[in-house]
Amino acid sequence: MSPELKVGPDHHYHLEFRKVKEPAVEFEPGQMTIILPKGDNPDEVVRVHSEWISHIHANVQAALRAASTRKMSGRTQPEFRNLVWKLAEECAKELGVEFYKIHFKKTADKWASCGTDGNLNFNTLMRNLPEHLIQYVVYHEIAHRKEMNHGKVFQRIMKDKFPQKRQIDMELYVYWMIVNRVS
Ligand SMILES: [Zn+2]
């Protein structure tokens, strides 16, 4: 159980204290977690990092505003599927791996997944994402053909390709809110 961190009048983020030197933020579909270094007094740790927290909050709000005012792609489901196949083949070639089937399904909890059997699953809600975010999600799943877990090796593969990874994770986080509201 992680406590909640209240930011501004009506925003709550999950809060975790971990053995880290620097504060960090993690994005998952529908959830953002602020990670702060462990300390004797949690309130004091929050206070020390309050400026950093406000900065992250402001970035998320700006990303949400930018995404909200952007027109949805209008891509059809077949166009979306073709795009995912094309990107998956490109990424697989780049990473020197293979995959088998691609399945498309509307799911409530994630953008995509990769099975140990080499099959990839993509959420049909991704149809509305800008292409650079679709490419990022596809690359992530294909990278799992090299490394199943999200450990250091996996993070390195992703950061080499997407140095601005945190910004993209943030965009995906705000788009999750947007596409789940509109569909
Ligand atoms: Zn993954």
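Me: What pattern does the chain follow, read along the sequence?
Reply: Reading along, you get β-β-β-β-α-α-α-β-β-β-α-α-α. Helices (H or I, at least four residues) and strands (E, at least two) are DSSP runs, numbered from the N terminus. This is a predicted model, where local features need pLDDT of at least 70, side-chain atom pairs count only at pLDDT 80 or more, and totals for chains, interfaces and linings use all residues. Residues are numbered from 1 along each chain as its sequence is written, and side-chain values use heavy atoms, with hydrogens and water left out.

Me: ok, and how many helices and strands are there in the chain?
Reply: Six helices and seven strands. The radius of gyration is 18 Å, close to the 16 Å from the globule rule for 183 residues, so the chain is as compact as a globular protein of that length. That radius is taken over C-alpha atoms, and the rule is 2.2 Å times the number of residues to the power 0.38.

Me: What box do the C-alpha atoms fill?
Reply: Roughly 50 × 35 × 25 Å, taken along the principal axes.

Me: How much of the chain is buried?
Reply: Buried residues are 43% of the 183. Buried means under 20% relative accessible area, exposed means over 50%, and partly exposed is in between (1.4 Å probe, protein chains only).

Me: Let's look at strand β1. Which residues are on its covered face?
Reply: Leu5 and Val7 are on the covered face of β1 (residues 4-7), while Glu4 and Lys6 are on the uncovered one.

Me: How do β1 and β2 run, parallel or antiparallel?
Reply: Antiparallel, with four bridges joining β1 to β2 (residues 11-18). Two strands pair if DSSP finds at least two bridges between them. Lysine 6 has histidine 12 in β2 as its bridge partner.

Me: What's in the turn there?
Reply: The two strands form a hairpin with three residues between them, and glycine 8 in that turn has a positive phi of about 70 degrees.

Me: Switching to histidine 57. Where does it lie?
Reply: Histidine 57 lies in helix α2 (residues 50-69).

Me: Is that histidine 57 buried or exposed, and why?
Reply: Histidine 57 counts as buried because its relative accessible area is 14%.

Me: And what is histidine 57 in contact with?
Reply: Leaving aside neighbours within four places in sequence, histidine 57 is in contact with Val7, His11 and Tyr13. Contact means heavy atoms within 4.5 Å. Val7 is also on the covered face of β1.

Me: What about valine 20, where is it found?
Reply: In the loop between β2 and β3 (24-28). Valine 20 counts as partly exposed because its relative accessibility is 32%.

Me: Which residues does valine 20 touch?
Reply: Ile35, Leu36 and Pro37, if you don't count residues up to four places away in sequence. Valine 20 and lysine 38 are 18 residues apart in sequence, and 7.3 Å apart in space from C-alpha to C-alpha.

Me: Now the later strands. Which strand pairs with β5 in the parallel sense?
Reply: That's β7 (residues 120-123), over four bridges with β5 (residues 102-105). Histidine 103 has asparagine 121 in β7 as its bridge partner.

Me: How many bridges join β6 to β7?
Reply: Three, and β6 (residues 112-114) runs antiparallel to β7. Cysteine 114 stands opposite leucine 120 in β7. There are five residues between the strands of this hairpin, and glycine 118 takes a positive phi near 85 degrees.
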